[in-house]
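Subject: Model handover, salt bridges

Hi,

Here is the model we talked about. Please have it open while you read the notes below.

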Amino acid sequence: MAFGFCLSVVSLLSVWSAAKCSGVPKGALRMECRDRYFMIAVNLSFAGADPLFQAVGGTGVRAITKQYAAQCGYTVRVLPLAGRVELRASYFSCDTDNQDDKVFTFKFNLVATRKGKEESFALNQTCSPSLPWSPREVTCEENYMEVSVRSEIKCLPQTVDDWSDVETVRGSTTSDWQVMFHRHEEQLMPMNLSAARKQGYAFDLTSGRLVFRAPYGQPDSFSTEVNGVPVEEVHATLFSRQSWIVLMVDLAVACSVDEGFYDELGGLILWEAPEVCRSSCERRLNVGLNGDLVEQAVAEKRGFVVEKDNVTVHISIPYNAEGGYRKSLVAGGLYQFYVFHLYLEQILSEDHVATRVRFQRSLSTPLLPCPVFAANRTAVAERAFTVYLGDVPEDVELLAVCMNGQEFAAPFPNTSAYSLTKVVHPNNTGGYTLKVPFEDPLVVQKFVPVAALKYRLDINFTLSVLPENELFYRLASIEALFSPPTFVTTCSESGVGFHLERRPSDYLWEISVGGDLLTPELADQRGYNLSDDGQSLLLRVPLFSDGFAYRDVSLQGFFGSFGLLVRDHKTQIESATVKTCLFSTAEFIVCSTDGTMTVVADVSLALPAGGVPAETHLVDQYCEPRETDGTRALFSYPVNSCGSSIKLGKGNVTYQNEIFYSSKMYLSKGNVFSGDATERVLVQCTYPVASLHRLFSAHKFESDVAGIGRIIHTKEPPEGLHGFTMRPIAPLQTGPVYPVSYMSALQPPARYKVSKFHNFASVFRKGAPRSMRTKRTPAEI
């Protein structure tokens, strides 16, 4: 039922206050006069775990219990996340001294248990509202509903919606104020205000306002839904019969009891309230947290989402909104929840009559997983593990770190070989950076295939949730593979190539060719093409360069291999990259470290007319070619056999032989010999004396390095060929030079040994009886 009546306008009141407290340390207490309530906040560190507030009024001192607070307009809540206990008192609370609705004096006692003894502290404050009172004001507190209206009547009621109420009141036999409750369109019997107060309701008639207050859950209230929003409503009609005049005031109040919903996908907590306003009314909304209101536009800039759907207001609060609180807890794992103390004001104006509705609500999210992660940020180049423990909430601290079974309390002492650094982020989370050297004794080292060393560190972080000191653990197993650089290899007609894109850790590895470190100086000395800008390395090795190895040599071609060795000078880990390519060439000569000369030579100009390469031999006529074609012959023999001559030079020794044409075989075929050959073909291998071992031994040939080979094509007068006798070797002349290294890339250069000379000679003597003993020439020693 509703009555129309005219209400007076209250002028704007000035703001002033005076506070008094006794014995509370500075910083432990805060008292504030808000626009519609008085607030006291006391630090829990001072108030203790079980503080008590007492209201001091004209009727004496009353303990503010849960029931008394809801009936008399007080809200007491302990906020452990904020570390304080808070009291909110309505300006129309029971024990407040009200002077003309302009000046309100509050007197409270705080009873705290300190050092096992109870102590009482007086807390007094005088406030004046900062905003004028609206004709109708509704407060939806956490534990009660309150409505106040102006009490000045300037004109008579003009409309009556339900005359049955009037008939009920007219039949009353008393002129005292009475109240009648309505529940689900059911009228209950009227009762006087004293009986209503005994049931928990509060009524007050101030100098200018009529106040009605009801705790939630009263027998005469009822729950319903408005547009899907749960609402608790209490509808009271206050009336008095004055002679032939009946005064009636409708004091209906409805509050949203929505507990909120957490949208995990958007990270928002949602809350809804109905808006009881006709389409013609004007609306304004202010919203905030912890009692601080801002306009809707300002709140939306802070991340709030404010929407209206028909007559429902939807408020969405970001989980990380400024002013919210988060708390960690251990429930099998680490979880967290967020708490928001929402403050919402709706200002509805209809027919120039304003209604101001305020909501105080504590909203919280469900338990949300809060995984603390461990990230491996190890840089191999630093030769140390770097582990980051992240997303550690601000109410969680690291107590200890267990590494491979050894536990260390956090923080580490400055003398420790390990470092532990705390990191703080702006979003109220933090982390810890742990560094442990690879070479530390507690780190597990293990050699693995592909010539690498693996370091392993098993970590158990012990963390504690404050202030409850609940422990939980975060395990992490970190590995670092110390692997050598990887080359990309290529083949070309002229040699092989190696390409390396450098990693930050590659500087720790040495690159060598055999036992020699690969440097620009070595590359220049051996004819390599080397470029290295620090980011990438490119090496091109020409065929027959020092370091090549050869196999499967034939007239059709051969396989050439070149290898690079990488070595960590600390761990001595080695890895080899060998590139093998198929090559073909008209002529070549190889002087290996074991004293074997392998040569493919063009002998076409050293043959008489009608002669073929198969009928050639070396100085020792039994040393015949292993393979021939139309113009070339392939010989392979120990350098100090087959009639080779030896020439000692300054710091080197040269083994030389000559390819001859067999005149006996030529004449045995009925040919008429003619000396029309125009070339002599000399082959030689030169070794540094310093690299040879047991140079003049009859049993061994040993060299630390490969020799330098030459094939010499030199002119010969025709008449000199007829006798087919061994000639002194002419001085060396300019001709093709093929320096070739034969050294395994997988191991350092070794000293190679060969059998006695007569065994080598027998290999190349075709048709010779096994018992034939070769006569040695001076060249063979």
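Predicted model: local features only at pLDDT ≥ 70, side-chain atom pairs only at ≥ 80, totals over all residues.

Residues are numbered from 1 along each chain as its sequence is written, and side-chain values use heavy atoms, with hydrogens and water left out.

The structure holds 30 salt bridges (a side-chain nitrogen of Lys or Arg within 4 Å of a carboxyl oxygen of Asp or Glu).

- Arg356 and Glu345 pair at 2.8 Å, N to O. Arg356 is in strand S30 (residues 353-364) and Glu345 in strand S29 (residues 333-350), so the bridge ties parts 11 residues apart in sequence. Strands are DSSP runs (E, at least two residues), numbered from the N terminus. Arg356 is buried at 12% relative accessibility; Glu345 is buried at 2%. Buried means under 20% relative accessible area, exposed over 50%, partly exposed in between (1.4 Å probe, protein chains only).

- Lys435 bridges to Glu382, with the closest N and O atoms 4.0 Å apart. Lys435 sits in strand S37 (residues 429-437), Glu382 in the loop between strands S32 (373-376) and S33 (384-393), 53 residues apart. Lys435 is partly exposed at 35%, and Glu382 is partly exposed at 47%.

- Glu658 meets Arg680 at 2.8 Å, closest N to O. Glu658 belongs to strand S56 (residues 652-661) and Arg680 to strand S57 (residues 679-688), so parts 22 residues apart are tied together. Glu658 is buried at 3%; Arg680 is buried at 8%.

Finally, shared partners join Asp35, Arg36, Glu137, Glu345, Arg356 and Arg358 into one salt-bridge network.

Best wishes

Key:
Helix = DSSP H or I, 4+ residues; strand = E, 2+ residues; numbered from the N terminus.
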